[in-house]
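Me: I am new to this structure and would like to learn how to read its strands and helices. Please take me through it one feature at a time.

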Amino acid sequence: MVNICCIGAGYVGGPSCAVIAYQCHDVKVTIVDLNQARIDAWNSDELPIYEPGLDEIVFSRRGKNLFFTTEVDQAIIDADLIFVSVNTPTKKSGMGAGYAADLAYIENATRRIAQVATSSKVVIEKSTVPCRTAQSMRTILEANSSKDIRFDILSNPEFLAEGTAVKDLTNPDRVLIGCLQTPEGFAAQQKLVDIYTRWIPQERVITMNLWSSELSKLAANALLAQRISSINALSAICEATGADVDEVAYACGTDSRIGPKFLKASVGFGGSCFQKDILNLVYLSEQLYLPEVAAYWKSVVTMNEYQKMRFTHRIVRTLFNTVTFKRIALLGFAFKKDTGDTRESAAITLSSYLIQERANVAIYDPKVSAKQIKMDLTEPGVGTNEAEVDKHVQVCSSAYEACAGADALVICTEWDEFKMEHLDYQKIFEKMQKPAFIFDGRLILDAPKLREIGFRVETIGKSA
C-alpha cells in the first residue's frame with residue numbers, strides 16, 4: 001500500500017487528498033494538522049468546509065483508507081509521498097508587506113519533514129507559492145539528506161474553484177506535475193502520475209519542469225481575474241452610456257477567440273486565490289526589475305477595488321446621499337455561491353463602508369456563521385471595530401428576516417435561493433420601507449419584473 005501524508009487540512013489539502021483516498025482504495029491517505037479543532041471537525045458529522053459532494057466522499061472512506069489526525073511526525077515517518085498544503089497568506093508586515101506571500105508555514109513544514117523523516121520521501125508542493133519556492137524547500141531538504149535518505153521535490157498546484165471543488169478534483173481540466181529535469185526527478189514525477197491516472201485520463205496529466213508548474217498557477221489565476229476586471233471596467237462604461245453589460249458580454253463571448261467564461265460583471269471578485277496570486281505576481285515582477293509588468297498586473301487588483309467602492313457609492317447616492325440609520329439588507333456574505341468561504345469577499349468591503357456611514361446592516365448568508373461575519377468585519381485593516389459591528393450589524397436567519405423593514409436590499413452573493421423563482425419578492429416588497437430599493441450586484445434578478453412589483457432597481461452594468 002502506498003502511504004500519502006498531507007500536511008494541512010484546509011480548503012486545499014482536505015478535499016484534494018480526500019478525493020485521492022476515494023479514487024484509490026489501496027492508497028492510505030493521512031491528513032494532518034496542528035489545529036485540533038479542525039481535525040475534530042473533519043472527524044465529525046459536520047465537516048469544517050462546505051463543498052457540494054464532499055461529505056459523501058469523506059464519510060465513505062474515513063476510517064478505511066482516509067484518516068485525520070494531529071500526529072504529524074508519525075504520518076511523515078510512514079509516508080512515501082508528502083503533500084505540503086499549508087496556508088501562504090499575503091504578508092502583513094516587513095519586506096513585501098501587502099504583496100509577497102508569507103512562506104513561514106511552508107518553511108516550517110519542510111523543516112519538520114527534514115527533521116522527522118527516517119526514509120526517502122517525495123515531497124509535493126501543493127500550496128500556491130511564488131515561482132522558485134521549491135528551490136528554498138529543496139535547499140532545506142538537501143541539507144538534511146544522507147546516503148540513506150533522499151528527498152525529491154515536485155510541484156502539483158491546485159486548480160480548485162470553491163463551490164465546484166469536488167467536480168474539479170474528480171474531473172479536472174488538467175493536472176500539472178512539475179519536477180527537476182533529472183533522472184531522479186522524473187522517477188518521482190512518475191510516482192505521482194501513477195496516482196492521478198487511476199481516474200484521470202493520461203492526456204490531462206501534464207508533466208513539466210518545476211518552475212513552469214509553479215508559475216502556471218499564478219498565471220492562470222491572474223488571467224481569470226483579468227477577465228473579471230475587464231468586464232467590470234466595461235460595466236462602468238455601460239452604466240454611463242445606456243449599454244447593457246450582459247449584452248456586451250454575450251456579444252464578446254460568442255467570439256471563439258474570447259469565449260464566454262468569466263465575463264460576468266459583478267461587484268468584484270473575492271476568494272483566497274485571485275488577489276493573493278496577482279499580488280504575488282506583482283511582487284515577483286518587482287523583484288525581477290520588471291516595473292511595467294508589475295504595474296500591469298497591479299491594475300487588475302486596482303480595478304477590482306474600484307468596482308467595490310463604485311457600487312457602494314451608487315447605493316449611498318441612490319438612497320438620497322445618506323444611509324445613516326437606514327436598514328440595509330445584504331443578501332450573501334460568502335465571496336461566491338456554494339461555499340462558506342468569505343476571504344476577500346466584496347460583502348466585507350460593502351458592509352464596512354455602510355457601517356462607517358452609520359447604516360444598520362442586516363446580513364443573511366445560508367452558509368456563513370454569525371461568528372465568521374463578525375470576525376471578518378473586525379479584522380485589522382477592515383475599518384470597523386467590535387463596538388461598531390455590535391451596534392450596526394444584525395445577522396439574520398433568513399432573507400425575509402433581513403429584508404423586513406429595510407430601506408434597501410443588496411445582492412452580494414449569487415446564491416440560487418436569492419433568485420426570483422425561489423424568493424417571494426412581492427412578500428419582501430410589502431415588508432420593506434417605501435420607496436423600496438434593490439441593488440443587484442450579481443446580475444441574477446429580473447429588473448423589469450421587480451419594477452412591476454414596485455421596486456426601484458439598480459443593476460450593476462446597466463443604467464437605472
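Me: What kind of unit do β7, helix α8 and β8 make?

Reply: A crossover is right-handed if, with the strands pointing away from the viewer, the path from the first strand over the helix to the second runs clockwise. Here β7, helix α8 (residues 183-196) and β8 make a right-handed β-α-β unit. Helices (H or I, at least four residues) and strands (E, at least two) are DSSP runs, numbered from the N terminus. This is a predicted model, in which local features need pLDDT of at least 70 and side-chain atom pairs count only at pLDDT 80 or more, while totals for chains, interfaces and linings use all residues. Residues are numbered from 1 along each chain as its sequence is written, and side-chain values use heavy atoms, with hydrogens and water left out.

Me: Which way do β7 and strand β8 run, parallel or antiparallel?

Reply: Strands of a sheet pair through backbone hydrogen bonds, either parallel or antiparallel. Two strands count as paired if DSSP finds at least two bridges between them. β7 and strand β8 (residues 205-209) run parallel, joined by five bridges; Val 175 stands opposite Val 205 in β8. Strand β6 (residues 151-155) is joined to β7 by two bridges, and these two run antiparallel. The bridge partner of Ser 155 in β7 is Gly 178.

Me: How many residues of strand β7 are buried?

Reply: Buried means under 20% relative accessible area, exposed over 50%, and partly exposed in between (1.4 Å probe, protein chains only). In β7 (residues 175-179), five of five residues are buried. Val 175, Ile 177 and Cys 179 point one way, and Leu 176 and Gly 178 point the other way.

Me: What span should helix α11 have?

Reply: The expected span is 1.5 Å times one less than the number of residues. The 14 residues of α11 (residues 274-287) should therefore span 20 Å, and the end C-alpha atoms are 20 Å apart, which agrees. Of these residues, 12 are buried, including Phe 274, Leu 281 and Tyr 283. What covers the buried residues includes α9 (210-241) and α12 (291-318), where contact means heavy atoms within 4.5 Å. Just after α11, Tyr 289 takes a positive phi of about 60°.

Me: What is the order of strands in the open sheet of six strands?

Reply: The order is β11-β10-β9-β12-β13-β14, with parallel pairing. β11 (393-395) and β14 (456-459) stand at the edges with a single partner strand each, so one side of each has no neighbour in the sheet. Four bridges join strand β13 (residues 437-440) to β14, and Phe 437 stands opposite Arg 456 in β14.
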